[in-house]
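Hi,

Here is the structure I said I would pass on. Have a look at it first, and my notes on what turned up follow below.

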Number of protein chains: 2
Amino acid sequence: VNCCPLAEGTGEQAYTCRVKKDGAKRRKQRPNNSEGAVIRKIEVAARSLGEKANKGSGMRLGIGDDAALWHPRTGFETVLTSDWFLEGTHFLRNSHAPDSVGWKCLARAISDIAAMGGEPRCFLLSLGLPEDCTKEWLNRFLRGLCRASSKLGCVLAGGDTTRSGTILINISVVGEVKQGCARLRSTARAGDRIFVSGRLGEAELGWRALQGGEKASEARPVLLLHKHLYPEPRIELGRWLAQSRTATAMMDLSDGLSSDLARMCEASGTGARIYSNRLPLPDGVFSTKFSEVDRRTAAIHGGDDYELLFCVAKANASKIPRKSHGVALAEIGEVTNKRGVFLIENSGESHPLRSGGWDPFKK
Amino acid sequence: VNCCPLAEGTGEQAYTCRVKKDGAKRRKQRPNNSEGAVIRKIEVAARSLGEKANKGSGMRLGIGDDAALWHPRTGFETVLTSDWFLEGTHFLRNSHAPDSVGWKCLARAISDIAAMGGEPRCFLLSLGLPEDCTKEWLNRFLRGLCRASSKLGCVLAGGDTTRSGTILINISVVGEVKQGCARLRSTARAGDRIFVSGRLGEAELGWRALQGGEKASEARPVLLLHKHLYPEPRIELGRWLAQSRTATAMMDLSDGLSSDLARMCEASGTGARIYSNRLPLPDGVFSTKFSEVDRRTAAIHGGDDYELLFCVAKANASKIPRKSHGVALAEIGEVTNKRGVFLIENSGESHPLRSGGWDPFKK
């Protein structure tokens, strides 16, 4: 009897098919429903990462019960974040390979942990899938997700599955940061020097290249699309900046420098001045495909880079290396007392920098 | 410049408008975008709960940064769960008052924490809202959510917001359980007695009454609809059953007894036998509105009750009181070695009990 399909839970006890030592035999006896099939695929993917991955993560009980159990480390605070990744809003089913969707949904959520100086530990995956995405699409999605999970050191703890009209993904990440070391966005002080990691705007230009017909395949990753499809959160760099207390304030660049720097200033009660000629523009293959104006615009307003934006006390700025933990670091400006963010052109002229970030609620 | 609305983040740094002591003044200077307005409403709601609520919760840093910071207690394990609550799947915009949606989305997620014997601490709220739900609907939703947050002792730590075609809600709850005390669903043993809390099927019959035109208002709560609209997770009962180690296995009833008991047996590698005449049927006002057959069917297959299903060693079964922590406890059967769940009718006849739970992926 199914008198109340609406009101009944649709997966809050998802992932209930706990794998036992005699898993192979047991699974045959399970009722052959397709939610079970989805969950088993997720289980198999999680197990493929091996017990080794689970050991360091503090997981006590993963997929299979009402909730997961995790053991926090003494002397650490827990870092918590949630991120939407929705078809039609954050990715397109026909443009973005499922493998990339799997990687990116986790990588960008982990970037928020890195931005606090934390290290990821485990995550909850909430999936809403149309019926026709429960086979090949799901397999490829899980491949990318598992690669990210393994590479970024963040194990699947549990989650929820349901059916939906479009692909819905929500990721919650649990991380840890040494007590007292977390870096906030609200603690920048006038006089601090402003730094960014990596090159800004590559993700934005990659997205444009993808729209322009550039093809990527798992076998042949394309440099032009890499940052857009497979961003890498700056976990080690963030941890170093936090534990060494080198950064006075920190956040990640997800909506673009012009929006995110304004948020940092707003939160800190400061302003900022950045220098156009110090911005680390996309180069190499990007120089051959895009004009300098395009690259500069992407560096200032383009989102999705997941680089770190951080401030350093003036006295310490010269100690920041040009490169650290495998990524270039550029000093791009300074924090000011005067409210507002200003861009200093090559000519020396100063212009207010309008936030170019996207507001999902704006028409 | 908004070259890439798709690829740009749409709220992963949501709730960025951190409230300062001079909040009133500061807010005027914020850019007047509507995502900001949504976030501010959530902030105001979170603050309305007061600092007192935050103090016991271990929150170090809530809404306003890339991620939240939370301080786990020594000697406790962290309990983690995520739950979808989607318009059209879990609730209907025209049938379910926003206040109830706010209460229920949190209450049912917390039920998974209670089912492990844990206590809720904080939660992440991921909201996808159509434009026309960002005002009155959101206000009322937050009212219900805040009441649940306050009553159930679970503070808002952060989350994510975005625009969507239908209302999308995902809740992740972080709870705690004393080390070694968590109760699993996979540890039932043959011979254990099976218990449930409360009366089963009331939520199901409430949903039917709502469909039949029964009206509820915040001012005049209707007993018939209460369990369906405002379920109460059994936090104190679950904690007691876990800390006293009275329960050998435990889970919550969200998809209906027939489905959930089968899951517990599957996970434990056991079977079960339950007695029809021992089931705690809905009574009182339900008896006047529904036949005994309807009430019995709802008790067996109806979902959404969020009562606890737990097993107790045979030797301890007589020590279980008839009522505990404000809720009735009923012994309904026993765990068996023989696979499968069987229902013993009043006549003494035994029938296999088919899982009546709903599979979101099944057509």
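**A loop in chain A, and onward**

Arg245(A) is found in the loop between α8 (235–243) and β8 (247–253) of chain A; helices (H or I, at least four residues) and strands (E, at least two) are DSSP runs, numbered from the N terminus. Although Arg245(A) is not a glycine, its phi is positive, at about 55 degrees. With a relative accessible area of 47%, Arg245(A) is partly exposed; buried means under 20% relative accessible area, exposed over 50% and partly exposed in between, using a 1.4 Å probe and protein chains only.

Before you go further, please note that this is a predicted model, in which local features need pLDDT of at least 70 and side-chain atom pairs count only at pLDDT 80 or more, while totals for chains, interfaces and linings use all residues. Residues are numbered from 1 along each chain as its sequence is written, chains are lettered from A and ligands numbered from 1 in the order in which they are written, and side-chain values use heavy atoms, with hydrogens and water left out.

**Confidence and chain A overall**

The model scores ipTM 0.89 and pTM 0.89. Chain A has a mean pLDDT of 87, and 85% of its residues reach 70 or more; pLDDT is the predictor's confidence in each residue, from 0 to 100. Over residues 1–32 of chain A, pLDDT stays under 50, and the model has 114 contacts beyond four places in sequence for them, a contact being heavy atoms within 4.5 Å.

Chain A comes to 11 helices and 14 strands. Of its 363 residues, 64% are buried. Among its contacts between residues at least 6 apart in sequence, 82% join residues at least 24 apart.

What span should the 12 residues of α9(B) have at 1.5 Å a residue? The expected span, 1.5 Å times one less than the number of residues, is 16 Å for residues 257–268, and the end C-alpha atoms are 16 Å apart, which agrees. Because 11 of the 12 residues of α9(B) are buried, this helix is largely enclosed by the rest of the structure. Leu257(B), Asp260(B), Arg263(B) and Glu266(B) are among the buried ones. Just after α9(B), Gly269(B) takes a positive phi of about 70 degrees.

Helix α9 is also one of the elements that the buried residues of α11(B) pack against; the others are α6 (202–211), α10 (285–289) and β13 (340–344) of chain B. The buried residues of α11(B) include Arg295(B), Ile300(B) and His301(B).

The loop between α11 (292–301) and β10 (307–312) of chain B holds Asp304(B). Phi of Asp304(B) is near 75 degrees, a positive value in a residue other than glycine. Asp304(B) counts as buried, at 1% relative accessibility.

**Rings and charges**

The whole structure has 9 aromatic pairs over all chains. Rings of Phe, Tyr and Trp (its six-membered ring) pair if their centres lie within 6.5 Å; planes under 30 degrees apart count as stacked, over 60 as edge-to-face and the rest as tilted. The rings of Phe85(B) and Phe91(B) are stacked, because their centres are 5.2 Å apart and their planes at 25 degrees. Phe85(B) and Phe91(B) are both buried.

A charge sits over a ring if NZ of Lys or CZ of Arg is within 6 Å of the ring centre and within 35 degrees of the ring normal. The charged end of Arg73(A) sits over the ring of Phe76(A), 4.1 Å from its centre. In chain B, Arg278(B) lies over the face of Tyr275(B), at 4.1 Å from the ring centre.

Best wishes
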